[in-house]
Amino acid sequence: MHRYSGGGIIRETAIETCKLTKTFVVSRGITDLIRRRPSAGGITPVDGVDLLIRKGEVFGILGPNGAGKTTLIKILCTLILPTGGEARVNGFDVEKESGRVRESIGLVTTDERSFYWRLTGRQNLEFFASLHNFFSDDARYMVDELLGIVDLKYAADERFLNYSAGMKQKMAIARGLLNDPAVLFMDEPTRSLDPGAAQGLRDFIKKEIVEERGKTIFISTHNLAEAEELCDQVAIFDDGKIKVIGTPADLKASLGDGSKLSDVFLHHTGKRFEERGGAGVTAPGFRRDRRGLGRGGGFGRRRGGV
Amino acid sequence: MIAIYRKALSFVRRSYVLQMSYKFEFFLRLFFMFFNILTYYFVAKLIGTAGMKYLEPYGGDYFSFVLIGIAFSGYLMVSLRGFSESVRDEQMMGTLEAMLVTPTDASAIITLSTLWSFIFASFRVLLGVSLAGANVLAALIILVLTIVCFSSIGILSASFIMIFKRGDPINMLFMSTSELFGGVFFPISVLPAWLQTVSHLLPMTYSLNGMRHALLQGYTLRELTPEIGTLVLFSAILVPLSLLAFRYAVRKAKMEGTLVHY
């Protein structure tokens, strides 16, 4: 679905980067610092990236592990400072107006440790809501609504440590939506999910976040089918560089009939794309979690607490 | 201002719930706090009036004297370790990044994360010191100034942790000197005159002196002007210094991409 290109409508820009670069200097020991030895060199996970993402667009960045996807997202979320170039999110400069950027974005990570495992789902969300300046009744109302949206009301007062991987990921999405952000960043949101749960999450993102709420989504993925299914535009990203950008259909068409996105990747990077996990398997997905809870308190896959 | 107050409540509530999810540890800590106080009760009984010469300016009772000393030593420990530990804990739990992507400022996050530890450290004073005849208002003013001073030192310490991850000279310097020279267990008048010079460079000395005079002898605000004035001076230097250092540390960590490394 290419929603902005038809009819000559030019939407406002949600994310814009110009020659965005990040080089990490290889760290030196304290003795090197004292002796003022020059740095041992550096690595550049983001190298002169130019992007223009319009409001309401689902933009996917597709690349292998270590390509620099997470670094790029962290720069756009103001968690890492760039060493060169510029980036604006919702019109705000990520370096000079980082506070305004953070007010207008949400971040969904796969790191399930980013919650307090011994607090309940509701307590976690209410705490993070306070960091977004929502308190008391406002926070309670919003958290309740979000728990409804991600279909976790039934487990809201259970401790987070009892949640399954799928439920934890839904909590991460709920947290990302706490401030009703214009742009939602999602860093490999289906990474730790089985194919069924991953499909459930993709359906949820498409229906609830994109179609219902019209959010701009910047999603990094390691999954070709996911990129194809969710994204209006896809960027092939490797070695810190954008190799090509286009709609999945256009990218495939550019290589001729019958081409797949993996062929596009191979063509532009010279590397064979190795996917993690399957996709496209239609399965009950998240709903299974609810049934699991109903059967004597089990959540499917439990993990240890923190 | 109201937002910060409500955020503070939110942090205290979070820490309380987390603490109470480890009930055994909580009650164990309370028990050993009581146990510790009991030890000093018997030490005070042993000392009796032997130290009267030195304790007279503080009312003559060693138990009340030392109880305030160890409570403030606790505040200092919370400040020095609490800030850097809260940075480290949030890094290890993985929650730091999730918090830093919100509009709440990094220094507010770190400061508010330690509130619960300060509340817990206050239990010691409430458990053992009689407030009859105390100048509570003066004591509260000194308490606030003490927390501001100690917190600034703690934020300086956290800045080191943010950059070097381990090995924090501020913590080592203040922890080792404050108990000996700050008058935690004995009045500084016991020390030789040349060592008392070191005592006068530490905020702990003025905090303890002021608090003991306010709580044990009911000194007026006018009588406490030297201690309050010195603490205000320490705060005026330490607060901006620590905030600048922390801002620099966060920027450096963001530059190096090591915000969540530990």
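**View 1. The buried residues of helix H2 in chain A.** In H2(A), the buried residues are A:Lys69, A:Thr70, A:Thr71, A:Leu72, A:Ile73, A:Lys74, A:Ile75 and A:Leu76. A residue is buried if 20 or more other C-beta atoms lie within 10 Å of its own, exposed if 12 or fewer, and partly exposed in between, with C-beta atoms placed from the backbone. The helix spans residues 69–76 and is mostly covered, with eight of its eight residues buried. Helices (H or I, at least four residues) and strands (E, at least two) are DSSP runs, numbered from the N terminus. Just after H2(A), A:Thr78 has a positive phi of about 70°.

The model is predicted: local features need pLDDT of at least 70, side-chain atom pairs count only at pLDDT 80 or more, and totals for chains, interfaces and linings use all residues. Residues are numbered from 1 along each chain as its sequence is written, while chains are lettered from A and ligands numbered from 1 in the order in which they are written.

**View 2. The largest nonpolar core.** This core has 149 residues, and those with the most contacts inside it are A:Leu76, A:Leu146, A:Phe185, A:Ile217 and A:Phe218. H4(B) gives the most to this core, with 15 residues. A nonpolar core is a set of buried Ala, Val, Leu, Ile, Met, Phe, Trp, Tyr and Cys residues joined through C-beta atoms within 7 Å. Not counting residues up to four places away in sequence, A:Phe218 touches A:Ile15, A:Ile53, A:Phe59, A:Ile73, A:Leu76, A:Val183 and A:Phe185. Two residues are in contact if their C-beta atoms, placed from the backbone, lie within 7 Å.

**View 3. Helices H4 and H8 of chain B.** H4(B) (residues 62–93) and H8(B) (residues 136–164) pack at an angle of about 35°, with their axes 8 Å apart. Axes are lines fitted to C-alpha atoms, for helices over the stretch in contact, and angles run from 0 to 180 degrees between N-to-C directions. Residues that meet here include B:Phe72, B:Tyr75 and B:Leu76 in H4(B), and B:Ile147, B:Phe150 and B:Ile161 in H8(B).

**View 4. The side of chain B that touches chain A.** Here 25 residues of chain B are in contact with 25 residues of chain A. Helices H1 (2–20), H5 (96–100) and H12 (225–256) of chain B each supply at least two residues of this side. H1(B) gives the most, with seven residues.
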